[in-house]
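Keep the sequence and the 3D view side by side as you read.

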Amino acid sequence: MRDALERFLTELEAQRRASSHTVAAYRRDIAFVLDLAGGGASRPGAGARRPVPASAWTRELLERALRELYRTHHAPASTARALAAWRSFSRYCLRRGITD
């Protein structure tokens, strides 16, 4: 999934012409979920960058990540951005056949 993340971010920057700030924020938001799936620490930017199989990207994982953002008192705007990043990445993975 981490390879898919890099491809997604490249496409986001090149084809959608997203700003470098947006790309960096999306990278953090999606990597946070992947870190949770890989058994990393439960706060953004922490934990090992372990490989994560595509089958781990589930609704349950996203709900867990969302609960963690609320638990750590993330601002509503930051939480909304994270949800947008997760949705976009999920759609990208579905279109590319990475996830079911």
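A nonpolar core is a set of buried Ala, Val, Leu, Ile, Met, Phe, Trp, Tyr and Cys residues joined through side-chain atoms within 4.5 Å. Buried means under 20% relative accessible area, exposed means over 50%, and partly exposed lies in between (1.4 Å probe, protein chains only). The model is a predicted one: local features need pLDDT of at least 70, side-chain atom pairs count only at pLDDT 80 or more, and totals for chains, interfaces and linings use all residues. Residues are numbered from 1 along each chain as its sequence is written, and side-chain values use heavy atoms, with hydrogens and water left out.

Now the core itself. The largest nonpolar core has 26 residues. Those with the most contacts inside it are F8, I30, V33, W57, W86 and F89. At least two of its residues come from each of α1, α2, α3 (59-71) and α4 (76-95). The largest share comes from α2, which gives seven residues. Helices here are DSSP runs (H or I, at least four residues), numbered from the N terminus; strands would be E runs of at least two.

Take I30 as a way in. Contact means heavy atoms within 4.5 Å. Leaving aside neighbours within four places in sequence, I30 is in contact with L5, F8, W57, A85, W86 and F89.

Next, the helix pairs. Axes are lines fitted to C-alpha atoms, for helices over the stretch in contact, and angles run from 0 to 180 degrees between N-to-C directions. Angles under 35 degrees count as roughly parallel, over 145 as roughly antiparallel, 65 to 115 as roughly perpendicular and the rest as oblique.

Begin with α1 (residues 2-14) and α2 (residues 20-37). Their axes come within 11 Å and cross at roughly 165 degrees. The two helices are therefore roughly antiparallel to each other. The crossing of α1 past α2 is right-handed. A crossing is right-handed if the near helix is turned clockwise from the far one by less than a right angle, and left-handed if anticlockwise. On the α1 side, the residues are R2, L5, E6, F8, L9, L12 and E13; they meet V23, Y26, R27, I30, A31, L34 and D35 in α2. By class, this contact of α1 with α2 has nine nonpolar, no polar and five charged residues. For these classes, Ala, Val, Leu, Ile, Met, Phe, Trp, Tyr, Cys and Pro count as nonpolar, Asp, Glu, Lys and Arg as charged, and the others, Gly among them, as polar.

How do α3 and α4 pack? Their angle is about 165 degrees, with the axes 11 Å apart. That makes α3 roughly antiparallel to α4. α3 passes α4 in a right-handed crossing. L62, A65, L66, L69 and Y70 of α3 meet T79, A82, L83, W86 and S90 of α4. The contact of α3 with α4 has eight nonpolar, two polar and no charged residues.The pairing of α1 with α4 has an angle of about 105 degrees, and the axes are 10 Å apart. That makes α1 roughly perpendicular to α4. A4, L5, R7, F8 and E11 of α1 make the contact with S88, F89, Y92 and R95 of α4. By class, the contact of α1 with α4 has five nonpolar, one polar and three charged residues.

S88 deserves a stop. S88 sits in helix α4 and is buried, with a relative accessible area of 11%.

Move to the loop between α2 and α3, where V52 is found. V52 is buried, at a relative accessible area of 7%. Beyond residues up to four places away in sequence, V52 touches M1, R2, L34, A37 and G38. The C-alpha atoms of V52 and R64 are separated by 16 Å, and the two residues are twelve apart along the chain.

A37 lies in helix α2. A37 is partly exposed, with a relative accessible area of 31%. Again not counting residues up to four places away in sequence, A37 touches V52, A56 and L61. A37 and R50 are 13 residues apart along the chain, with their C-alpha atoms separated by 8.9 Å.

Finish with two backbone angles. Most residues other than glycine have a negative phi. R17 is not a glycine, yet has a positive phi of about 55 degrees. R17 lies in the loop between α1 and α2 and counts as exposed at 73% relative accessibility. H73 also has a positive phi, near 60 degrees, and is a residue other than glycine. H73 is placed in the loop between α3 and α4. At 70% relative accessibility, H73 counts as exposed.
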